[in-house]
Amino acid sequence: MSRLILPAVGGDPVLEKDYDLTLGDDDVRVAIDAAPINPADQLFMLGWFGVYPKVPNQLGAEGTGRVVAAGSQADRSLVGRRVIVLPTFVHGTWASEVVVPAAKVVAVPDADPIQLAMLAVNPATAYALLHDYVTLRPGDWVGLTVANSGVGQNLIALAKRAGLKVLAVVRSESAAARVHADIVLVDGDDLAARIGETKLRVIYDGGAPDLSKLLPALENGGTVVSFSAVTGESQTIPYPDLFYRDVRQRGFYIIRWVEQTPRAELVRVYTELASLVADGTLKVDVEATYPLSAYREALQDAGKDGRTGKVLFTPQA
Ligand SMILES: NC(=O)c1ccc[n+]([C@@H]2O[C@H](COP(=O)([O-])OP(=O)(O)OC[C@H]3O[C@@H](n4cnc5c(N)ncnc54)[C@H](OP(=O)(O)O)[C@@H]3O)[C@@H](O)[C@H]2O)c1
């Protein structure tokens, strides 16, 4: 039994061998099969995320595993079921076993655990970006930056399924080769010119490139939904676009979405997304998997630019 914890904000994680797995009445205990290292985990460790660590803090925002025990008030039918663990940044999935409130897991059909481990955050983010901001119809164009990311891969797959057209922007030719959108462009000084006449209903902004390169393609009254800040800099709408064109800007945050979405709707969305993982519609590239004991190499691998996919822990391996 082992798990990774953060002993100090900005410090290195440490592997803890024996830890308390006492079940509260409403808890379940989950044996974790796979859990990704997301950019948010790395920001969290530095104290730069929307949830601030309460050290020593468990690590790992999401993952999948099997329920091995349930508290006296928790749904006992979950025992033996495959579940995904929803992000709380309190209950850590970088662990061979974790105790978590039953309300923070969703039972899902069996499918590839590596893909299911990445279901709670990025596919839900992509789903919410497409459904919760602008009403889109088949044939509409949407813009997407940081398009080769996990969020991007999921969004492109869901958009294709809904009959939408995606103009995707990435920062390298090698990333472009892995992105299967209707138009794929590599960032550059002449990006705005290369976008040409395409009119976007909405831009899903990952934080780069600078919005000024994409805004000319956004229709009047269009919306920018910012979901990430890959450069650390804020992206804002210039006054002329605000005043003369009524362009709007919104923001997405998965923790707020999980907290504010009614349980029945969460279960409905995750069940739909899990079925799309099972049938291969949603599939995110994987760079490597590591046992928990190799956490230093895993974190280094996850932190490098130009990865070709996600890095995950497989704690039972
Ligand atoms: N708002 C929310 O609730 C929410 C939910 C999910 C994810 N996110 C955010 O969305 C982003 C993508 O997450 P993910 O898990 O999908 O990521 P991921 O699969 O791990 O990929 C990271 C992406 O960030 C790109 N990137 C990193 N630094 C960059 C920079 N300086 N300029 C341009 N691109 C850069 C990478 O490009 P290369 O491949 O070229 O290196 C890659 O496309 C992250 O910033 C994450 O925090 C936010």
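## Ligand shell and salt bridges in a predicted model

The structure is a predicted model, in which local features need pLDDT of at least 70 and side-chain atom pairs count only at pLDDT 80 or more, while totals for chains, interfaces and linings use all residues. Residues are numbered from 1 along each chain as its sequence is written, and side-chain values use heavy atoms, with hydrogens and water left out.

Helices (H or I, at least four residues) and strands (E, at least two) are DSSP runs, numbered from the N terminus.

Polar contacts are pairs of N or O atoms within 3.5 Å; within protein, one must be able to donate a hydrogen and the other to accept it, and residues adjacent in sequence count only if both atoms are side-chain atoms. A polar side-chain atom of Arg-171 lies 2.8 Å from an oxygen atom of the ligand. Backbone atoms also take part: a polar backbone atom of Ile-254 is 2.6 Å from a ligand oxygen, and a backbone N or O atom of Gly-306 lies 2.9 Å from an oxygen atom of the ligand. On its own the ligand has 920 Å² of accessible area, of which the protein covers 84%. Accessible areas come from the Shrake-Rupley method with a 1.4 Å probe; for residues, only the protein chains shown count as cover.

**Salt bridges.** A salt bridge is a side-chain nitrogen of Lys or Arg within 4 Å of a carboxyl oxygen of Asp or Glu. By this rule the count comes to 18 salt bridges. The table lists examples.

| Pair | Closest N and O atoms |
|---|---|
| Asp-140 and Arg-201 | 2.9 Å |
| Asp-285 and Arg-178 | 2.8 Å |

Asp-140 is buried at 16% relative accessible area, whereas Arg-201 is partly exposed at 21%. Buried means under 20% relative accessible area, exposed over 50%, and partly exposed in between (1.4 Å probe, protein chains only).

Asp-285 is placed in the loop between helix H9 (263-278) and strand S15 (286-290), and Arg-178 in the loop between helix H5 (173-176) and strand S11 (183-186), so their bridge ties together parts that are 107 residues apart in sequence. Asp-285 is partly exposed at 29% relative accessibility, and Arg-178 is partly exposed at 23%.

Arg-245 and Asp-241 are four residues apart in helix H7 and hence separated by about one helical turn. Arg-245 counts as buried at 18% relative accessibility, and Asp-241 counts as buried at 14%. Elsewhere, Asp-33, Arg-66, Arg-82 and Asp-110 are linked in a network of salt bridges.

**Surface patch.** Leu-242 is also found in helix H7 (residues 239-245) and is partly exposed at 33% relative accessibility. Together with Tyr-239, Phe-243 and Tyr-244, Leu-242 forms a nonpolar surface patch with about 520 Å² of accessible area. Patches are made of residues with over 30% relative accessible area and no salt bridge: like charges are joined within 9 Å, nonpolar side chains (Val, Leu, Ile, Met, Phe, Trp, Tyr) within 5 Å.
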